[in-house]
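Work through the exercises below with the sequence and the 3D view at hand. Try each task before reading its solution.

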Amino acid sequence: MRHGKKDNHLSRTHAHREAMLQNMATSLIMHKRIETTVAKAKELRKYVEPILTRAKDDTYQNRRVVYQYLNNKETMKELFGTVADKIASRPGGYTRIIKLGNRLGDNAETCLIELVDFNETLLAAAAEKATTKTRRSRRGGTRRAGGETTAAAAPEATTAEATVVEEAPVAEEVTETAPVAEAPETPAADASAEDNQTDATSTDEEPKQS
């Protein structure tokens, strides 16, 4: 029984399976993409991604370990040179599987397995999506609408200020006319006081004449 054993043997012996995965990993590193079946691609992904992780740290020990898996000097040169520079900033997930459908003959499910950082078309499309987002355009539209509302409210504020400015001189005129109304009252009071004094003197003088 094979309980708990998740590896797909691919109907091959251990030696045949290892040799096949080694050749497929070499082809993937050299050509950056290969076409195969989905079952083989899933096993190749588990085989090659630990190798790519070791290639990011170029040390003598990592080169020895990787050479045991690949056993090809040209592949080692390409892996620790061009490929390692491309995947240096990626923390994992170096490969992508793109399904192509079933092939004629045995009706096997086929796919493309490729290195993510070497697909220039998808990288350019992702860059365009990152630069142009629909959310930014929507936010810009709301900002424009808000700008229109503020522009519409601006004339109201100016008219309110104009009314305040117009009303201010009226209050000043009232304060200026108030002293004018009070000014004549003081001479009248003085005149009445003088009349009272003349009356008093006249009354005082009459008895003296008698």
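## Exercise 1: The chain as a whole

In the protein chain of this predicted model, residues 24 or more positions apart make up 56% of the contacts with a separation of 6 or more.

Task: State how many helices and strands the protein chain has, and in which pattern they follow along the sequence.

Solution. 
- Step 1. The count gives seven helices and three strands.
- Step 2. Along the sequence, these elements follow the pattern α-β-α-α-α-β-β-α-α-α.
- Step 3. As for burial, 22% of the 210 residues count as buried.

## Exercise 2: Surroundings of Thr 26

Task: Locate Thr 26 in its helix, decide whether Thr 26 is buried or exposed, and find what Thr 26 touches.

Solution. 
- Step 1. Thr 26 belongs to helix H1, which covers residues 14-31.
- Step 2. The relative accessibility of Thr 26 is 13%. Buried means under 20%, so Thr 26 counts as buried.
- Step 3. A polar atom of the Thr 26 side chain lies 3.0 Å from the backbone oxygen of Gln 22.
- Step 4. Leaving aside residues up to four places away in sequence, Thr 26 touches Leu 70, Asn 72 and Thr 75.

## Exercise 3: An aromatic pair

Task: Classify the pair formed by the rings of Tyr 47 and Tyr 69, and say which helices hold the two residues.

Solution. 
- Step 1. A search of the whole structure finds one aromatic pair.
- Step 2. The ring centres of Tyr 47 and Tyr 69 are 5.8 Å apart, and the ring planes stand at 75°. Planes over 60 degrees apart count as edge-to-face, so this pair is edge-to-face.
- Step 3. Tyr 47 lies in helix H2 (residues 38-55) and Tyr 69 in helix H3 (residues 60-70), so the pair ties together parts that are 22 residues apart in sequence.
- Step 4. Tyr 47 counts as buried, at 12% relative accessibility, whereas Tyr 69, at 38%, counts as partly exposed.

## Exercise 4: Charges over rings

Task: Find which ring lies under the charged end of Arg 63, and over which residue's face Lys 32 lies.

Solution. 
- Step 1. The charged end of Arg 63 sits over the ring of Phe 80, 4.3 Å from the ring centre.
- Step 2. Lys 32 lies over the face of Phe 118, with 5.1 Å to the ring centre.

Definitions and conventions:
Residues numbered from 1 in each chain as written. Predicted model: local features only at pLDDT ≥ 70, side-chain atom pairs only at ≥ 80, totals over all residues. Heavy atoms only, no water. Helix = DSSP H or I, 4+ residues; strand = E, 2+ residues; numbered from the N terminus. Buried < 20%, exposed > 50% of the residue type's maximum accessible area, 1.4 Å probe, protein only. Polar contact = N/O pair within 3.5 Å; in protein donor to acceptor, adjacent residues only side chain to side chain. Contact = heavy atoms within 4.5 Å. Phe/Tyr/Trp six-rings, centres within 6.5 Å; stacked < 30°, edge-to-face > 60°. Lys NZ or Arg CZ within 6 Å of the ring centre and 35° of its normal.
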